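Below is a set of questions on how the labels used for a structure follow from computed values. Each answer sets a value against a cut-off and concludes.

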Amino acid sequence: MEISAIRPHTDHYFLQGGGELGALTRTFDWATSPLGSPGNWPQSLRTTLSIILSSRFPMFLFWGDELIQFYNDAYRPSLGKEGKHPMALGQKAIECWPEIWDIIYPLIQQVKATGEPTWSEDQLIPIFRNGKLEDVYWTFGYSAVRGDTGAIEGVLVVCHETTEKVTTVKKLQESDTRFQQFMDEAALGIVLLNGPEMRIELANELYARMIDKKWEDIIGQPVFDIIPETEPYFKNIIEQVRISGEPVYLYDHPYYVLIDGQKKEGFLDLVYQPYRDSDKNITGVMILCHDSSEKVIAKRQLEESEQRLRAVIEAAPMPIGIMTGKEMKIAFANQSIKDAWGKGNQVEGKTFSELLPELEGKGFYESLDRVYTTGKAFHSRNERIELMVDGQMETFYYNYSYSPLFDADGNVYGVMNTAANVTDIEVARQKVADSEQQVRSIIHSAPFPIGVYTGPEKTIAFANQSIIDVWGKGNDVIGKTYTEILPELENQEIFDQITTVYETGTAFHARNQRVDLMIDDKLQSFWFNYSFTPLFDAGGKVYGVMNTAAEVTDLNRAKQQIEESERNLRNIILQAPMATCIYSGENSVIRVANNAMFEFWGVEAKDVLGKPVFEAMPQVANQGFEEILSNVRRTGRAFVANEMVATLKRDGKPTDVFINFSLEPIREPDGSISDIMAVAIDVTPQVIARQQIEEVVAERTAELATANKNLHRSNAELEQFAYIASHDLQEPLRKVGTFAQMLEASLGEEIPERAKSYLGKIYNSTERMTGLIRDVLNYSQLSRDEANAYRTVDLNTLIDGILVDYELMISQKAAIISYHHLPTLEASPQQMSQLFSNLISNALKFAKEGIPPHITITSAVIDNDALPGSMTATPGNTYYKIEVTDNGIGFGQEHAARIFNIFQRLHGKTEYSGTGIGLAMCKKIVLNHHGEITATSQPGLGTTFTIILPGKQ
């Protein structure tokens, strides 16, 4: 019949839209079909058909006893160019599908009879299309559609053709051998690290030789268990690539590995490439290594000027371009990006749009402007880009980034464009036969365990690396039975679960299920979410079971630890010797309290537990505790009060008591405050006793003032003596040095070697003694009253001057000294200069051999309640914490207090020069300024000196 001759059914809402099939459905002569005119169709058919026509997912509907057919535009391509379309619309199923009737009819009948849906994955169902019978693979589900009376009137088919995927998998399996051959023959060291634990999934022999290991000893092991000495240098880079998805290229990067306790050092060219699965999710990092040691040694001999550095950047293999200003004018472009653009070398000074007009209207200009405007970087992967190269439009694929460039004021002044040409990789991925990387990604790099077991004997037909790692039985599992590989599961119900799925065709799912596995000859407990799903053949018969899983061991153990921690906290509180309780929530509900706290409150536990504190004990309300609790919960800062007056019940009546009282916030893992712990001590007897003692103390104050005056006079006389003694000792030392020089001159050039040795020792001894006397003299002068010498001192300017004095030593040791935003204090300029000069000198002196010193000086304002116990806060004063940190040899923390004693040394005089007075002077200077100095250190990990000083004296 002529479709165009039929009047379209345009007045029915359920036939609206739907593209080509919507139009064909509207113009079909339904009056001649068993269904009759659409106006008489049941509501269930109308609704289902409306959903099908408006869906972009392939759908097919069989309706009625004669299985009249409907389908949508999304399903249309599966019928091919020459075949069943458009005759299939409105046709009876048996007339449309004779070639596969024995396959689909039982499924239709099963759904109509039971109402249960079916599901098949990658099922081979040949159909006639494109002029021939083709092998076509489908993933599809049949589900019942109930009519207006509730009876099943139709069967809805939701399907997706997977022919390309199945064909791809087969091709990938065929190329697996070629890929391994490529790995073995590659001139680069290649290693694939999988997951956050950075486990070595793949590696070639060349990589194993680089780290002097056997290939079979490293596969499956965390890389930093194999070469732990490299973790500080490479772990952060690998984490960066795995998390950000951006590749990292390192050239001439230094490294070392330990071989029989000896360092093997060299340089590598490294490429860190994110490793993705078929869904483009990052599952690991692929590292390509090339030993560039010989090249680095040669290049270092040639690096003589800044021009050389620019030449290296210019020749970088990664395209780099810099555009400035709102108009995106090209300020710099290396040769790689010039070659990529294909517009010649004269590109600087042109705008991006002027140079590449072919990119207009494709979002590139807009992305650049957005980065320039917002200051947020833009990244794109596998982007298709068409460029005019040598007069011809060519297609490329790039991973590229637009990164904002900020000036000193934090304003964006330009955008840096970096890119990686991945055209070959992308084309290879699209042409699966040439993509060895995709082979490994699909077959072995699934992010979750997958296994397939066939037959009643549960033969392992497929197992990806994730499930092999979970089993811990090695890689040789294919072809063996599930029970043979995992005999320890026999009494854990899992074998029965698989058997039931195989026999019934009904999937089984488990959550948070404990599974005991034999790992390294030890039965260990794990927790999994796992499923056993039946696999059906073309006849609808179960031929195997697919096992998917997700390990949740850490989650379950964390939950157990939280519960254990909660029990421990409750036990600690209940057994605490002090009155202790926990308030929960905004209303400060009393969640737990010990007997000491109930006695302190003067209440019974049953009357207050589980109630808001101010509702349960109204007698403590309106005493300021509400605001204190609210402030702790809001700010997260603890509250401590000593001898606070509170009114509590004592002997049945309100009584004023003195309490030492603290509130400490308890935080959740996300940082939020859930509870507040309160600790209280009744110190009323102590306060009363102290008040009585203070009366006695007042009587002794006058006597103490007189003694203090006498002590000041004695100290002044002692300092004068030290000054005179030190001054007078220098004269005989100068004479010893002079006579030694005269003796050496009188002996002439024929001086014996032994005499030279003796004279050298005299010179060294006099120099050390002179330095010691000078330091003693300086130390004695620190005791003088310099209150009148305090002036405003800018520590930034002061340290600028100190670094000029140490300029030669800093240059010789290639030291880096960082400091900024240091405070301006009221202090003695001379003593402050001596303090920081001694600390910087110490850091330079005690540097590690062969490692440039790195000294950092930072400062921050601290709260008065954070001051050490040796200091008392002055109202209105500001206190600064200044930290001087180095990367030197460090020392054991047990020596932290001793190093500030005069003449104390932790090393021999022949190892490091010095008199042992420098840090004692630092201690004295800080005490003179009413401050405190401490040191923290570990051997080999450097030292941090912490200085706390008031802003005003």
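Two strands count as paired if DSSP finds at least two bridges between them. The model is predicted.

Q: What makes strand S3 and strand S6 a pair?
A: Pairing needs at least two bridges. S3 and S6 (residues 137-146) have five bridges, in the antiparallel sense, and therefore count as paired. Within this pair, Trp119 has Gly141 of S6 as its bridge partner.

Q: Why are strand S2 and strand S3 called edge strands?
A: The open sheet has five strands in the order S2-S1-S7-S6-S3, with antiparallel pairing. S2 (68-71) and S3 (118-124) each pair on one side only, and a pair requires at least two bridges by DSSP. From one strand to the next, the twist averages 20 degrees.

Q: How do you know that helix H2 packs on the sheet, and which strands does H2 touch?
A: Contact means heavy atoms within 4.5 Å. H2 (residues 43-54) touches strand S1 (59-63), S2, S6 and strand S7 (152-161). The direction of H2 makes about 160 degrees with that of S1.

Q: What makes strand S8 and strand S9 a pair, and in which sense do they run?
A: Four bridges join S8 (residues 189-194) to S9, and the two run antiparallel. The cut-off is at least two bridges, so the two strands pair. One of the bridges links Asn194 to Arg199 in S9. S8 and S9 form a hairpin with four residues between them, and Gly195 in the turn has a positive phi of about 75 degrees.

Q: Why is strand S9 described as mostly covered?
A: Buried means under 20% relative accessible area. In S9 (residues 199-203), four of the five residues are buried, hence the description.

Q: Why is Met578 called partly exposed?
A: Its relative accessible area is 36%. Buried requires under 20% and exposed requires over 50%, so Met578, at 36%, is partly exposed. Met578 lies in the loop between helix H20 (553-575) and strand S23 (579-584). Leaving aside neighbours within four places in sequence, Met578 is in contact with Asn594, Ala596, Val679, Ala680 and Ile681. The C-alpha atoms of Met578 and Asn595 are separated by 9.3 Å, at 17 residues apart along the chain.

Q: Which residues touch the most other members of the largest nonpolar core, and what makes a set of residues a core?
A: A nonpolar core joins buried nonpolar residues through side-chain atoms within 4.5 Å. The largest has 46 residues, of which Trp41, Phe62, Phe70, Trp97 and Tyr142 touch the most other members. Elements that give two or more residues to this core include helix H1 (19-27), H2, helix H3 (93-96) and helix H4 (101-114). H4 gives the largest share, six residues. Beyond four places in sequence, Trp41 is in contact with residues including Phe14, Trp30, Leu49 and Phe70. A second, separate core has 39 residues, among them Leu835, Ile840, Tyr880 and Val884.

Q: Which residues of helix H15 are buried, and what do they pack against?
A: Thr423, Glu426 and Ala428 are the buried residues of H15 (residues 423-430). They pack against strand S15 (378-389), strand S16 (392-406) and strand S17 (412-421).

Q: Where is the pLDDT under 50?
A: The pLDDT is under 50 over residues 1-6, which have seven contacts beyond four places in sequence. The pLDDT is also below 50 over residues 432-436, with ten contacts beyond near neighbours in sequence. Where pLDDT is low, the predicted coordinates should not be read in detail. The protein averages a pLDDT of 84, and 86% of the residues score at least 70.

Note on methods:
Residues numbered from 1 in each chain as written. Predicted model: local features only at pLDDT ≥ 70, side-chain atom pairs only at ≥ 80, totals over all residues. Heavy atoms only, no water. pLDDT = per-residue confidence, 0-100. Axes fitted to C-alpha atoms, helices over the stretch in contact; angles between N-to-C directions. Buried < 20%, exposed > 50% of the residue type's maximum accessible area, 1.4 Å probe, protein only.
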